[in-house]
Amino acid sequence: MAGIVTAIGIVIAGILYVMEKQWSPRLAVDITASTHLLPDTEPGKAIIQAKFSITNQGRTSQSVRNIEVGAIEISHAGLPDASGDMIGKEIFHFTGKPKQIGAGETDYGFVEIPVSCGRALVRVIVKVPQPPFNPDIPAGQRPVYERKILVPVKADCKRLADTGQPVPG
């Protein structure tokens, strides 16, 4: 008899856990990037178009604030920093406007990053703070959903110049 009561208790606890997780805020973030040459300008100028999506996987609407998009030029191979990324120089930074994302909805954002075709490799990063947003926590210590993509700008520019076709990301 005690075994049956224990089993029923475990099943009920599992159901309550799953139901509680459905109501907690959860976001999924994705990023893609493509390189495009700038028409009618001096040679060697391009745009990286970064497209990112934020999907609300929870059952409640979420307010998303302080979305950051950055680009870092990686100029040479060396030792990685504390996060495991190659050290580079920030060439672009953008903070987006607040967004309200309904339950089960996806919000898309686009950022155009001007670059020189002389840059070998650019890392594009999207950081979305985990809800609920707390402005009292400094930006570097705030828990975030972070996605990164490497864009081989120099190779993309050469391919674009040779073929005239856009380079998909």
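**Entry 1: Arg142**

I began with Arg142, which is buried in this predicted model yet has no salt bridge. I looked for the nearest side chain of opposite charge and found Glu68, 5.1 Å away. A salt bridge needs a side-chain nitrogen of Lys or Arg within 4 Å of a carboxyl oxygen of Asp or Glu, so Glu68 at 5.1 Å does not count as a partner for Arg142.

Where does Arg142 lie? I placed Arg142 in the loop between E8 and E9. I then listed what Arg142 touches, not counting residues up to four places away in sequence: Asn66, Pro129, Phe133, Asn134, Pro135 and Ile137.

**Entry 2**

I went through the pairs in turn. E8 (residues 121-129) and E9 run antiparallel and are joined by 8 bridges. Pro129 stands opposite Val144 in E9, and Pro129 is also one of the residues that Arg142 touches. E4 and E8 are antiparallel over 7 bridges, with Ile74 having Leu121 in E8 as its bridge partner. E4 and E5 are joined by 6 bridges and run antiparallel; here I noted Val69 with Phe94 in E5 as its bridge partner.

Is E4 mostly covered or mostly open? I noted E4 as mostly covered, with 6 of its 7 residues buried.

**Entry 3: the sheet of E1, E2 and E7**

I turned to an open sheet of 3 strands in the order E1-E2-E7, with antiparallel pairing. E1 and E7 are at the edges with a single partner strand each, so one side of each has no neighbour in the sheet. The twist averages 20° from one strand to the next.

E1 and E2 run antiparallel and are joined by 11 bridges. In E2, Ala50 is the bridge partner of Ala33. I also checked which helix lies on this sheet: H2 packs on it and touches E1, E2 and E7. The direction of H2 makes about 50° with that of E1.

**Entry 4: the largest nonpolar core**

I looked up the largest nonpolar core, which has 27 residues. Those with the most contacts inside it are Ile48, Ile113, Val124, Val126 and Val128. The elements that give two or more residues to this core are strand E1 (27-37), strand E2 (45-56), strand E4 (68-74), strand E7 (106-116), E8, E9 and helix H2 (153-163). Which element gives the most to this core? I have E2 down for that, with 5 residues.

Leaving aside its neighbours within four places in sequence, Ile48 is in contact with Ala33, Ser34, Thr35, Val111, Glu112, Ile113, Val115, Val122, Val124, Val151 and Val153.

**Entry 5: salt bridges**

Side chains of opposite charge can pair when their charged atoms come close. How many salt bridges does the count come to? I have 6 salt bridges in the count.

Asp107 forms a salt bridge with Lys99, with the closest N and O atoms 2.8 Å apart. Lys99 is partly exposed, at a relative accessible area of 22%.

Lys148 and Glu146 meet in a salt bridge at 3.3 Å, N to O. Lys148 is partly exposed at 35% relative accessibility, and Glu146 is partly exposed with a relative accessible area of 30%. I found both in a network of salt bridges that links Asp85, Lys127, Glu146 and Lys148.

Arg159 forms a salt bridge with Asp156, the closest N and O atoms being 3.7 Å apart. Both lie in helix H2, 3 residues apart, about one turn of the helix.

Conventions: Residues numbered from 1 in each chain as written. Predicted model: local features only at pLDDT ≥ 70, side-chain atom pairs only at ≥ 80, totals over all residues. Heavy atoms only, no water. Pairing = 2+ DSSP bridges. Helix = DSSP H or I, 4+ residues; strand = E, 2+ residues; numbered from the N terminus. Core = buried A, V, L, I, M, F, W, Y, C linked by side-chain atoms within 4.5 Å. Buried < 20%, exposed > 50% of the residue type's maximum accessible area, 1.4 Å probe, protein only. Contact = heavy atoms within 4.5 Å. Lys, Arg positive; Asp, Glu negative; His and termini not counted. Axes fitted to C-alpha atoms, helices over the stretch in contact; angles between N-to-C directions.
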